[in-house]
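Keep the sequence and the 3D view open while reading.

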Amino acid sequence: MSIGAPSCDVLILVAIDAELAALRSVGAKLGIALEPRQWEPLGEYFDLGMVGTDRVFAARTKMGAIRHEGSAYKAILFQRAAQATSIIQVGMAFGVDPKRQHHGDVLVARSMFPYDDRTIRVTDGRPVVDYSQTKRRAAKHSLVKLFEREIERGGHTFGAHVGMLLSGGARIFSAKFRDDLVASVPSGRDRIIGGEMEGVGLLSVSPADKPLWAVVKGISDFADEDRDGIIETTRPVACENAARFVLSALRNNLS
Amino acid sequence: MANINAYFQAEDEGWFDHPRLRRWRKFLQEGARLQLEVVRPRQGLDVGRAVLYVTIITNGQDLLEHEDWSDELNRGLIKLRVRAISHENEALRFGLAFAGAFEPAEDRVGDGFFNSVLKEELANGPLAEPLADVLAQVHALRPSHDSKSYSDCKDLIVGAIRGRALELTRDLGYPEHEANMILSSALAIYLDERFSVTDRRLLGFG
């Protein structure tokens, strides 16, 4: 290896200012510094040092999966360059069940459903969405086990849900669209727990049968008409809770 | 109406639940010969999905069947003593198999610790010399031997390697010197993929 080319075990990705700020803030409370570094081929990243038994880097992507410098681009380049064997996307997401979920609860993806991958057919003269050919993608098994152990350990002030996350490019402010989307996805082993925008970009990092990724996000809203009125308050809590959950899980591993 | 007891009839050793494996076993029982080729195309950074191509040589005809790679199908083919077409292809096959074989260790201890123990074990083990080049490109810290999980992780790693070694010698009948060569090449393939060694070089990082 060329001298100075850094490497890590785990790469954490965040997409917006609030997510990075939360990672920094929680890191400070847990005694984990985010040391800014520059790496000429890839630009800025953060070195968190050893968190538990993992060498951890963090990097900021643009919001969404497919735009330039979005999650797909950064994940592929950073994973290859830093030899990361796991990638965790951390941040905020929408919940799908206001009765059983709360703002700030953490969502852990055991699997992901890329909802933009769909066929549009016509039935009785009307367009209908067909997800029968869309494949669910499993998250990295060892990461899901790590997060399940953290949930069992308990001690957090927020709830945690493990299941399937919907991931795609829509910014949703409609409860009806959200509910129709959930209803149109074929049921499977994992129940749908929420949705977000960056996870789908991680699917391009590695083959489907060898996933390197996990997605852990806090509920900032329920993708409904109330979103805009509450987001300024709920966003920082959602991001902090997700960051705290992930950093705690890594730090507590093998302890 | 079918007899429900048919559901409770035991299969030999439970290896052949997959219908493809039962079909291939039936061909073997009828005197056919089977040959395996594992194909995983690579174009630059793009590594395609691995596919198992099984050629069934029977009654003067060659039938070609294929399935996406699965650990289950591969294990079944090993139990059926079906070799790959070459040592190089056998190494690719076992390199792919190591991902599943090491999963219990990685699940148990997580990435960082697994990476550390794996590198140390291979660097100090009997295959250190043939793996020296690829291990030089793998970056992991030295693991703490005081950790309560160290011996568990090491045992799981050694067990996974030992299991593949026995598959090569006991099940597929390779003499030990050939099995060693295949095993070290397979581990090199596994390490290259896990730690993005070739990808890193192609991108100019290593």
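This is a predicted model: local features need pLDDT of at least 70, side-chain atom pairs count only at pLDDT 80 or more; totals for chains, interfaces and linings use all residues.

Chain B has 206 residues, and 46% of them are buried. Its secondary structure comes to 9 helices and 5 strands.

**Chain B overall**

- Along the sequence, chain B runs α-β-β-β-β-β-α-α-α-α-α-α-α-α.
- The C-alpha trace of chain B spans about 60 × 40 × 35 Å along its principal axes.
- Take the contacts in chain B between residues at least 6 apart in sequence: 64% of them join residues at least 24 apart.

**The largest nonpolar core**

- This core holds 36 residues. The members that touch the most others are F98(B), F102(B), F114(B), L118(B) and I157(B).
- Six stretches of chain B each give two or more residues to the core: α3 (87–101), α4 (103–109), α5 (111–124), α6 (128–136), α7 (150–171) and α8.
- The most comes from α8(B), which supplies 7 residues.
- F102(B) shows how the chain comes together here. Beyond its neighbours within four places in sequence, F102(B) contacts F114(B), L118(B), I157(B), A160(B), I161(B), L187(B) and Y190(B).

**A buried glutamate in chain B**

- E167(B) sits in helix α7 of chain B.
- Its relative accessibility is 8%, so E167(B) counts as buried. The cut-off for buried is under 20%.
- Setting aside residues up to four places away in sequence, E167(B) touches I78(B), F94(B) and L172(B).

**Hairpin in chain A**

- Strands β7 (residues 119–123) and β8 (residues 126–130) of chain A pair in the antiparallel sense, over 5 bridges.
- Within this pairing, T119(A) stands opposite D130(A) in β8(A).
- The two strands, β7(A) and β8(A), form a hairpin with 2 residues between them.
- D124(A) is in the turn of that hairpin and has a positive phi of about 55 degrees. D124(A) is a residue other than glycine.

- Which is D124(A), buried or exposed? D124(A) has 76% relative accessibility, so it counts as exposed. The cut-off for exposed is over 50%.
- D124(A) lies in the loop between β7 and β8 of chain A.
- In chain B, S196(B) has a positive phi of about 50 degrees, and it is not a glycine either.
- S196(B) is found in the loop between α8 (176–194) and α9 (197–202) of chain B.
- S196(B) has a relative accessible area of 3%, so this serine is buried.

**The cavity**

- How many cavities of 30 Å³ or more does the structure hold? It holds 1.
- The largest cavity contains about 40 Å³ of space.
- Which residues line the largest cavity? From chain A come V10(A), D54(A), L143(A), L146(A), L250(A) and N253(A). From chain B come G110(B) and D111(B).
- By class, this lining has 4 nonpolar, 2 polar and 2 charged residues.

Technical notes: Residues are numbered from 1 along each chain as its sequence is written. Chains are lettered from A and ligands numbered from 1 in the order in which they are written. Side-chain values use heavy atoms; hydrogens and water are left out. Two strands pair if DSSP finds at least two bridges between them. Helices (H or I, at least four residues) and strands (E, at least two) are DSSP runs, numbered from the N terminus. Buried means under 20% relative accessible area, exposed over 50%, partly exposed in between (1.4 Å probe, protein chains only). On a 1 Å grid over the protein atoms alone, a cavity is a set of points where a 1.4 Å probe fits but cannot get out, and a pocket is an open set with protein on both sides within 12 Å along at least five of seven lines; lining residues have an atom within 4 Å of a point. Grid points are joined across faces, edges and corners, and a volume is the space filled by probe spheres set on the points. Ala, Val, Leu, Ile, Met, Phe, Trp, Tyr, Cys and Pro count as nonpolar, Asp, Glu, Lys and Arg as charged, and the others, Gly among them, as polar. A nonpolar core is a set of buried Ala, Val, Leu, Ile, Met, Phe, Trp, Tyr and Cys residues joined through side-chain atoms within 4.5 Å. Contact means heavy atoms within 4.5 Å.
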